[in-house]
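Trainee: Could you take me through how to read a model of this kind, beginning with the overall fold and ending with the aromatic rings?

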Amino acid sequence: MKNLVEQIASNFEAFAKDAQAQVENGNKAAGARARKVSLEIEKLLKQFRKDSISASK
């Protein structure tokens, strides 16, 4: 579970960096990268939810 949390944090840092580049500079490629990593974050968060629920039982 610790590895999963580290992956989420790493992906979120990449998302924040690319999203900021798109907002501030209008960088379209950064926007595409941010959208791609947001899908990966979504999958990881769903896995975290599953793992967290099973750990609490």
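**Fold and aromatic rings**

Mentor: In this predicted model, the chain has two helices and zero strands. The radius of gyration is 14 Å, well over the 10 Å that the globule rule gives for 57 residues, so the chain is more spread out than a compact globule.

Trainee: What does the C-alpha trace span along its principal axes, and how many of the residues count as buried?

Mentor: The trace spans about 45 × 15 × 10 Å along those axes, and 19% of the 57 residues count as buried. Among contacts between residues at least 6 apart in sequence, 58% join residues at least 24 apart.

Trainee: Which atoms make up the accessible surface, and in what share?

Mentor: Of an accessible surface of about 4500 Å², 55% belongs to carbon and sulfur atoms. As for charge, the chain carries 11 positive and 7 negative side chains, with the centres of the two sets 6 Å apart.

Trainee: How is a pair of aromatic rings described?

Mentor: Such a pair is described by the distance of the centres and the angle of the planes. A search of the whole structure finds one aromatic pair, formed by Phe12 and Phe15, which is tilted, with 5.9 Å centre to centre and 40° between the planes.

Trainee: Where do Phe12 and Phe15 lie, and how exposed are Phe12 and Phe15?

Mentor: Both lie in helix 1 (residues 2-25), three residues apart, which is about one turn of the helix. Phe12 is partly exposed, with a relative accessible area of 48%, and Phe15 is partly exposed as well, at 27%.

Conventions
Residues numbered from 1 in each chain as written. Predicted model: local features only at pLDDT ≥ 70, side-chain atom pairs only at ≥ 80, totals over all residues. Heavy atoms only, no water. Helix = DSSP H or I, 4+ residues; strand = E, 2+ residues; numbered from the N terminus. Rg over C-alpha atoms; globule rule 2.2 N^0.38 Å. Buried < 20%, exposed > 50% of the residue type's maximum accessible area, 1.4 Å probe, protein only. Contact = heavy atoms within 4.5 Å. Areas by Shrake-Rupley, 256 points an atom, 1.4 Å probe, with all protein chains shown as cover. Lys, Arg positive; Asp, Glu negative; His and termini not counted. Charge placed at Lys NZ, Arg CZ, Asp CG, Glu CD. Phe/Tyr/Trp six-rings, centres within 6.5 Å; stacked < 30°, edge-to-face > 60°.
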